[in-house]
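I opened this entry to keep track of what I looked up.

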Amino acid sequence: MRIPFAAAVTAGALLASLTGCVTVHGESAVVPTVSKGEAAKVLASFVEKNNRANTAFDVDLNSSIETGPLGAIDQAGLTARKRVQPKGNPDYAPLKLTDTRYLIPEQAGWPKFFVTDSRSNRKGQGRWLFVFQRDRADGPWRAAYLSVIDPGQIPRFARDEHGHVRAVPVGGGGAGLTVPPNELSKRYTRYLQEGAGDDFAAGPHTTVQRERRKKEMKRTSVRNEFADQPAQPPQYPPFALRTRDGGALVFFASRHHHKQTLPRGYRPKVDNPLVKALMSGKPKHAVIFERMSEQAVTVPSAKSNGKVTFLSRIEGLTAARGS
């Protein structure tokens, strides 16, 4: 069985340790998370670091400039590729981002975030949206999420009197959404595991995903088992921006495990060298694949009857275990 190593689009290593210019206490004052000029510097540094790390498969560089689900996916990918190609990839095509707009909210408290929306030089793909996260006043901006979204699906954002996009509270009734952002990972993984709830619209990452799993679990030549776990703060906080219709664009993460067990007398065959590079233990009877997933969804207003709709989902292998 061919196991895909990671999503076709991944950021690699991102962004520099730029610290910003906020001079008031970010814990209590509602201020722009970053200036547009600083955000542009963060993005420019991000592209430069991304290209260097992907050329050299530099895991240490990546771990200093990425966080959250994007960091988990990319650091595993770079680790595997470094083991397979110790000298790196001199033929790597540098990433270029153009036509960028900066979605900067005003916030109090931590973590703070902003979003960039760019055209990339990767053919056949949509707009690249990065969520940059900062955990403290003297900390670096690091990329936490990447989403690749068709331009026609990117929602229109609500703005305040200063022209800033509006951040949405991630928990409780203050979000005014059908599903609070900090509940999305829990509800999505429960839906995949049990089919519970009716929060999500039908599509490739919901109904189609469950149907595919059902077919896999009916196979007699191998036993397939799936387990899904929410990815929660503080390591994987969700982020959300208010849309003009009262809903929100939300970025959140989730964890997924897939165990394959062969009948007695048969050994699992793992041919993908990148999977082998992340393998611990010897696959005598079974292999467990551990994956991280990052999602961008639109969540409707609590006043509507709409459902959560997926705009982007990027999944990557982070570990494999043989037993």
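I began with what covers the buried residues of helix 4, and the cover includes helix 5 (207-217), strand 7 (223-230), strand 9 (248-261), strand 11 (286-299) and strand 12 (309-322). I note that this is a predicted model.

Next I asked which residues of helix 4 are buried. Helix 4 spans residues 184-194, and I listed Leu184, Ser185, Tyr188, Thr189, Tyr191 and Leu192 as its buried residues. Viewed down the axis of helix 4, these buried residues fall within an arc of 155°, so they line one face of the helix. I recalled the general rule: an α-helix has 3.6 residues a turn, so residues three or four places apart point the same way.

I then checked the end of the helix.

I moved on to the whole chain. I found six helices and 12 strands. For 323 residues, a compact globule would have a radius of gyration near 20 Å, and the chain agrees with its 20 Å. Along the principal axes, the C-alpha atoms fill a box of roughly 70 × 50 × 35 Å.

How much of the chain is buried? I got 51% of the 323 residues. I also looked at contacts between residues at least 6 apart in sequence: 71% of them join residues at least 24 apart.

The accessible surface is about 15200 Å², with 50% of it belonging to carbon and sulfur atoms. I noted 48 positive and 29 negative side chains, the centres of the two sets lying 6 Å apart.

Note on methods:
Residues numbered from 1 in each chain as written. Predicted model: local features only at pLDDT ≥ 70, side-chain atom pairs only at ≥ 80, totals over all residues. Heavy atoms only, no water. Buried < 20%, exposed > 50% of the residue type's maximum accessible area, 1.4 Å probe, protein only. Helix = DSSP H or I, 4+ residues; strand = E, 2+ residues; numbered from the N terminus. Arc of directions from axis to C-beta. Contact = heavy atoms within 4.5 Å. Rg over C-alpha atoms; globule rule 2.2 N^0.38 Å. Areas by Shrake-Rupley, 256 points an atom, 1.4 Å probe, with all protein chains shown as cover. Lys, Arg positive; Asp, Glu negative; His and termini not counted. Charge placed at Lys NZ, Arg CZ, Asp CG, Glu CD.
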